[in-house]
Amino acid sequence: MQLHELVDAVTGEEPPMRRTADDIIAAGRRAERRRRAGFASVGVAGLVVVAVAGAFTLPTLGAERSTTAAPVPAGATTSGSTGARWPDAAPFTFTFAGYDAGTLHVQNPIVTSTGYQIASVYSDNHTSNDKPVTGEETKARGDVITQKRKAAGGKPSLWAYLTVYRPGVFDPAGIKGGEEVTVAGRRAVQATLPVGLDPRNPVYPGNKVFAWEYAHNAWAAVTSFSGDMATPSFQDLGGLVGGLKPSRPKPALVPFTVGYVPSGYLPLQTGTHAMPGLSGIATARAGDYGGATYTRPAAPTSGLTAPYDAAEGAIKDGFHIFVTPSSSANQSPEPGATKCYPGADRRLAAGGAGGGFCNIWSADGTVSLQVSGMGLGNALPLAELEKIARGIRVADVRNESTWTPAAQALRP
């Protein structure tokens with residue numbers, strides 16, 4: 001299934017201006033269950049990552065403006081009127097903590113990358129939809145959102161996240177239709193995103209992005225997909241400005257270390273107690289342990305207006321690592337087993353089996369490790385994916401003291 005087909009499938013029966021993030025997120029959850037189930041149809045392998053990335057395409061990614069190979073040094077920067085000094089922290093480091101702003105609540109960040117950190121944002125007035133979908137909800141399909149709204153007392157749904165970019169990474173001029181404003185003495189840009197989150201469509205008032213300069217040449221952006229066109233408003237989102245402050249740097253931990261990485265592939269982003277990237281944010285409360293995404297060549301570290309995986313096809317050659325509970329799957333675990341499956345869209349220039357994924361279960365069958373090239377160009381032969389998987393050592397997923405800082409864990 002192509003990305004546009006997925007979006008059409010979950011929004012096609014609704015009037016155009018009622019296409020919200022709810023149905024797309026629900027489709028992502030269904031795809032996640034298929035991924036964890038071992039893929040009855042190999043063609044849907046890895047669709048959870050693809051689904052989330054394609055569903056939340058922003059009007060302009062801006063990532064193609066630069067091909068810088070190395071991360072931009074953070075540098076210690078001063079945060080405007082607060083005088084707070086942001087630390088000179090390396091990539092894959094958390095440098096802020098969760099905070100409250102009126103009815104909005106920023107959680108602790110769980111995703112890091114070479115260019116940013118991401119945290120979920122919840123609201124008292126909305127139902128957040130980053131929890132796993134149950135089997136009953138999966139079968140209910142179109143009725144899922146209605147059921148959730150009834151259970152929540154009629155609250156509209158919300159899927160929102162805060163991305164804090166490293167200095168020099170974000171380009172506010174790249175926000176299509178952006179309106180320049182000043183909030184709490186800071187430069188800011190706000191824009192409404194399109195219907196169905198497809199840049200070819202007109203804008204939908206419930207889809208918003210609000211970005212501000214939290215320190216010199218350093219920007220943060222809150223992206224909000226709401227079932228209510230009016231809330232959260234730009235004023236509500238602007239309320240997050242004053243609460244963003246630096247905290248003591250904390251390395252992002254992952255519950256594994258790699259032993260082999262193919263030549264040229266570099267770590268791009270991670271998830272701590274989550275899958276990497278926006279898939280991790282979309283399933284923030286799914287109980288996953290951790291993950292990482294690699295790409296070749298190195299991703300740009302300037303000119304961004306959205307996370308790396310917010311646009312379809314932005315990552316053209318890479319692979320994912322997922323460490324999740326086996327209990328999350330629809331299938332019975334196979335303790336100690338290793339199984340690999342070829343991808344449905346093999347596209348190796350030199351021939352051979354490219355794409356696919358490999359699953360390895362822990363000796364007691366409670367933990368699943370997966371290495372997948374699906375949705376990321378499928379450039380790696382299946383034998384390479386298996387070699388990566390067999391080289392990974394998984395820590396005690398229930399004891400974070402055994403986990404390793406990502407900067408060390410992701411390099412052999």
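Predicted model: local features only at pLDDT ≥ 70, side-chain atom pairs only at ≥ 80, totals over all residues.
Residues are numbered from 1 along each chain as its sequence is written, and side-chain values use heavy atoms, with hydrogens and water left out.

Buried means under 20% relative accessible area, exposed over 50%, and partly exposed in between (1.4 Å probe, protein chains only). Tyr116, Ile118, Ser120 and Tyr122 point one way from β7, while Gln117, Ala119, Val121 and Ser123 point the other way, and all are buried.

The pairing of β7 can then be followed strand by strand, where two strands pair if DSSP finds at least two bridges between them. Strand β5 (residues 104-106) pairs with β7 in the antiparallel sense over three bridges, and histidine 105 stands opposite tyrosine 122 of β7. Strand β6 (residues 111-113) also runs antiparallel to β7, joined by two bridges. Valine 111 has isoleucine 118 of β7 as its bridge partner, and β6 and β7 form a hairpin with two residues between them. With strand β9 (residues 157-165), β7 pairs in the antiparallel sense over six bridges; valine 164 in β9 is the bridge partner of glutamine 117.

Elsewhere, a search of the whole structure finds one disulfide, defined as a pair of cysteine sulfur atoms within 2.5 Å. The disulfide is formed by cysteine 340 and cysteine 358, with their sulfur atoms 2.0 Å apart. This pair links distant parts of the chain, 18 residues apart: cysteine 340 lies in strand β20 (residues 338-341) and cysteine 358 in strand β21 (residues 357-361). The torsion about the S-S bond is about 110 degrees, so the disulfide is right-handed. Cysteine 340 counts as partly exposed at 24% relative accessibility, whereas cysteine 358 is buried, with a relative accessible area of 0%.

Finally, threonine 404 sits in strand β24 (residues 404-405). Threonine 404 is buried because its relative accessible area is 18%. Not counting residues up to four places away in sequence, threonine 404 touches Ala252, Leu253, Val254, Phe256, Thr257 and Ala409, where contact means heavy atoms within 4.5 Å.

Definitions and conventions
Helix = DSSP H or I, 4+ residues; strand = E, 2+ residues; numbered from the N terminus.
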